[in-house]
Each structure stands twice: as structure tokens, then as C-alpha cells.
Amino acid sequence: MLPCVCWLQPLLVLLSSVLRAQGENCPASCLCPDPHTVDCSGRGLTRLPDEIPLDVRRLLLSDNCIPRIPSDFLVLYSDLVYLDLRNNSLSHIEPGTLSTSSRLVFLDLGSNNLTEIPSGTFGQSRSLIKLRLGNNPYLSRVNEDAFLGLTSLRELELERNALSGLQVGALSQLPSLRVVRLEGNPWVCNCNFANLFGWLEENSQKLPNGVEGMECTLPMDGRRVSLSQLSQDSFRECQITLTLTDLLIIIFSGISVSVVAIMTSFFLASIVHCFQRTSKTTKGDEEESEE
Ligand SMILES: *[C@@H]1O[C@H](CO)[C@@H](O)[C@H](O)[C@H]1NC(C)=O
Ligand SMILES: *[C@@H]1O[C@H](CO)[C@@H](O)[C@H](O)[C@H]1NC(C)=O
């Protein structure tokens with residue numbers, strides 16, 4: 001019995017020193033369940049913890065009150081592949097936070113306080129596969145080029161935000177997109193929505209519940225209808241409006257062309273007139289000198 005304990009003792013010492021060494025690398029009040037994971041979720045943090053090991057690959061920071069991530073964060077933590085910032089107080093993502101060279105595969109920014117996704121926010125990060133941006137109650141603007149260059153992005157979540165519209169380019173620029181969540185937004189089915197509606201009908205297999213799960217407000221009477229109740233025909237009037245605009249453009253350009261033509265002929269006529277007068281005078285002079 002005794003020799004057995006003696007045998008175990010050095011092993012236990014070694015084990016506890018390894019654990020202590022790991023604990024030393026782990027930020028205070030966080031957990032580090034494995035050498036590449038730092039779990040600081042639900043710790044009441046109001047900023048990023050200090051002393052996160054530089055080789056961290058999975059960083060869990062959900063359910064805190066973190067208001068910002070510095071733009072050089074992913075430069076510093078260049079091995080990071082999984083970043084969970086769900087349910088924090090982020091109001092914007094600083095430009096340059098993500099870049100083509102970042103290794104981030106998973107980014108969760110859901111349940112924050114984002115208001116806008118400007119062009120190039122995700123810096124053409126080619127490794128990003130899943131991006132969660134849902135449940136940001138003030139998120140009302142997503143730029144057409146917001147997701148530009150995210151060539152590997154397969155899943156995009158934009159559900160339960162404040163989007164009344166979205167330019168179809170934001171989605172059609174994503175070559176690997178398989179799943180997109182858009183339900184629970186206050187969509188307005190006006191003419192701007194017509195293009196997105198067309199894209200959604202063609203890509204309904206990418207919506208977890210098809211267009212069935214999406215609703216929009218009709219601009220004429222404020223009624224909310226399911227997108228499945230609408231068809232391309234519902235937006236027919238938009239085409240008429242478009243033709244009308246086109247017609248106006250044509251009329252206007254017609255008028256301007258005529259005005260330019262009239263002015264040009266007037267100008268030419270005056271030149272000719274002047275030229276004739278000058279040549280007459282010269283002729284008169286010549287005649288005079290001959291006399
Ligand atoms: C969000 O985080 C707070 C703590 O900051 C927590 O009390 C709350 O339950 C979390 N909400 C969700 C939906 O998880
Ligand atoms: C979220 O943003 C809104 C408006 O932009 C602001 O009124 C509110 O205080 C913000 N909330 C938090 C928790 O930062």
C-alpha cells in the first residue's frame with residue numbers, strides 16, 4: 001500500500017504543477033478547459049480580460065457587457081478561429097478588425113447593440129464560415145458591400161434585427177452561402193424590396209423555414225403578410241413605376257438633346273454669318289485697294 005502512494009506522489013506533484021501552469025496562463029475569473037480554449041462567458045466583464053494567452057484558438061466571451069473590441073485584437077490573437085461575443089454591448093465593429101489573413105472561422109456578434117454594418121466590415125476574411133449577427137434590436141442598415149470578400153461564408157444570421165430592407169447584392173456576393181436567416185425583421189414590401197423578393201424566391205432553400213417564416217408590411221395599408229402570400233406579380237406596379245421613370249428620363253434626355261442641337265445650330269449659324277461678313281469686308285478692302 002505504502003509504496004504505491006510513494007509512487008503516486010511525484011505524479012500528483014507533476015500533475016498539479018501542470019494544472020497550476022495552465023492556471024497561470026488563464027485570465028483571472030476565466031476557465032481554460034483545454035490549452036487552446038479560454039472561457040470567460042457570463043463573468044460580468046465590462047472590457048476584454050487582460051492576459052489572454054496569445055495562442056488562444058477558442059475565446060468564449062458571451063453574456064458579458066463588453067462595449068468594444070480593439071481593431072488590432074485579431075492581429076494580436078492571430079490563431080483565433082472561434083470568437084463568441086454573443087450578448088454583449090458592442091455598438092460597432094471597428095474597420096480593420098478582421099482582415100484577409102485572419103483565421104477566424106466562427107464569429108458570433110448576436111444579441112449586441114450594433115446599428116449598422118458598413119462596407120467591408122469583415123475585411124474580406126476568407127476563412128469565415130459562420131457569422132451570427134441576429135438579435136441586434138437597432139441594426140437597421142446593412143451596406144450592400146458589408147460581406148464583400150467573405151468567399152467561404154456558409155451561414156449568415158441576420159434574424160430579429162431592425163431591417164426594413166436589404167440590397168440583394170449583400171447576399172448575392174456570397175458564393176458559398178448555404179443558410180441565411182432573415183426572419184423577425186420589420187421588412188417593408190415596397191418597390192425597393194422587389195429585388196430581394198426575387199432573390200429569396202430563387203434561393204428559398206437557403207432560408208431555414210423558406211419564405212414562409214418571413215413577414216413584411218405592405219406600404220399601402222400597413223398590413224403584415226407572410227412572404228409566401230406574395231408573388232412577383234405583387235410587385236408588378238413597381239415595374240410600371242420604373243417604366244414611367246424611364247419614360248421621364250427618355251423625355252428629358254430628348255429635350256436636352258434638342259436644346260443642345262438648337263444651341264449648336266445657332267452657334268454655327270452665327271459663325272457662318274460672322275465669317276460671311278468678314279469675307280465681305282475683306283473683299284471690299286481688296287476692291288478698294290485695286291481701285
Ligand atoms: C445576457 O447576459 C446577461 C449577463 O450580462 C444575462 O443575465 C442574460 O441572461 C443573458 N441573456 C441571454 C439571452 O442569454
Ligand atoms: C444601444 O443603442 C441604443 C441606441 O443606439 C442606446 O439608446 C442604448 O443605450 C444602447 N444600449 C446599450 C446597452 O449600450
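Author: On a 1 Å grid over the protein atoms alone, a pocket is an open set of points where a 1.4 Å probe fits, with protein on both sides within 12 Å along at least five of seven lines, and lining residues have an atom within 4 Å of a point. This is a predicted model, where local features need pLDDT of at least 70, side-chain atom pairs count only at pLDDT 80 or more, and totals for chains, interfaces and linings use all residues. Residues are numbered from 1 along each chain as written, chains are lettered from A and ligands numbered from 1 in written order, and side-chain values use heavy atoms without hydrogens or water.

Reader: How much space lies in the second largest pocket?

Author: Its lining includes Cys189, Leu218 and Phe235. By class, that lining has 8 nonpolar, 2 polar and 1 charged residues. Probe spheres set on the points fill the volume. For the second largest pocket, that space is about 170 Å³.

Reader: Which element gives the most to the lining of the largest pocket?

Author: The largest pocket has a volume of about 450 Å³. It has 22 lining residues, and Cys191, Asn192, Phe193, Ala194 and Asn195 are the closest to its centre. Strand E8 (141-142), helix H4 (193-202) and helix H5 (236-290) each give two or more residues. The most, 4 residues, come from H4.

Reader: How many residues in the lining of the largest pocket are charged?

Author: Asp, Glu, Lys and Arg count as charged. The lining has 11 nonpolar and 9 polar residues. The charged ones number 2.

Reader: Which residue is the bridge partner of Cys216?

Author: Strands here are DSSP runs of at least two residues, and two strands pair if DSSP finds at least two bridges. An open sheet of 3 strands runs E11-E12-E13, with mixed pairing; its edge strands are E11 (187-188) and E13 (224-226), each pairing on one side only. E12 (residues 215-217) pairs with E13 in the antiparallel sense over 3 bridges. In E13, the partner of Cys216 is Val225.

Reader: What share of the exposed area of ligand 1 does the protein bury?

Author: Around ligand 1 (heavy atoms within 4 Å) are Asp63, Asn64 and Asn87. A backbone N or O atom of Asp63 lies 3.4 Å from a ligand 1 oxygen, and a polar side-chain atom of Asn87 lies 2.3 Å from an oxygen of ligand 1. Taken alone, ligand 1 exposes 360 Å² (Shrake-Rupley method, 1.4 Å probe). Of that, the protein buries 33%.

Terms used
A polar contact is a pair of N or O atoms within 3.5 Å; within protein, one must be able to donate a hydrogen and the other to accept it, and residues adjacent in sequence count only if both atoms are side-chain atoms.
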